[in-house]
Amino acid sequence: MLSYCQRPGSGTGACKTMEPPGSCQSCRQAVTASRLQYRRGDTIVHNHALLQCDICERYACAECLRVYNIYSGYDFLCHECARELEQARVKGGGH
Ligand SMILES: [Zn+2]
Ligand SMILES: [Zn+2]
């Protein structure tokens, strides 16, 4: 799968892997419990940490990251990536 150890020279030995930051990487706001309630259809998913956008791989809070039904069932996409994806779909005219 994806590797997050791609910064040779910048580390001091310890490789920081997949540790969600304490603030949203999209809106830069500190994460609170209410920002970890991700909507998935009609249900709300409570999460203990930030989720990652499937495309740009930024960790985003619930306000920036929504669960979109785009590919199969659900995908985690931030607003920016979802908008770009939908525009690309419209331009492409479906399949
Ligand atoms: Zn955010
Ligand atoms: Zn994104």
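Biologist: In which element of the protein is confidence lowest, and in which is it highest?
Modeller: This is a predicted model, in which local features need pLDDT of at least 70, side-chain atom pairs count only at pLDDT 80 or more, and totals for chains, interfaces and linings use all residues. Residues are numbered from 1 along each chain as its sequence is written, while chains are lettered from A and ligands numbered from 1 in the order in which they are written. pLDDT is the predictor's confidence in each residue, from 0 to 100. The lowest mean, 78, belongs to strand 5 (residues 65–68), and the highest, 93, to strand 4.

Biologist: Over which residues is the pLDDT below 50?
Modeller: The protein averages a pLDDT of 77, and 71% of the residues score at least 70. Where pLDDT is low, the coordinates should not be read in detail. The stretch below 50 is residues 1–14.

Biologist: In what order do the elements run from the N terminus on?
Modeller: Helices (H or I, at least four residues) and strands (E, at least two) are DSSP runs, numbered from the N terminus. The protein has one helix and six strands. Their order is β-β-β-β-β-β-α.

Biologist: Which residues does Cys 78 touch, not counting those up to four places away in sequence?
Modeller: Two residues are in contact if their C-beta atoms, placed from the backbone, lie within 7 Å. On that count, Cys 78 touches Ser 26, Cys 53, Cys 56, Arg 58, Ala 60, Cys 64 and Leu 65.

Biologist: What share of the contacts with a separation of 6 or more joins residues 24 or more positions apart?
Modeller: These contacts are counted in the protein at a separation of 6 or more. The share for residues 24 or more positions apart is 45%.
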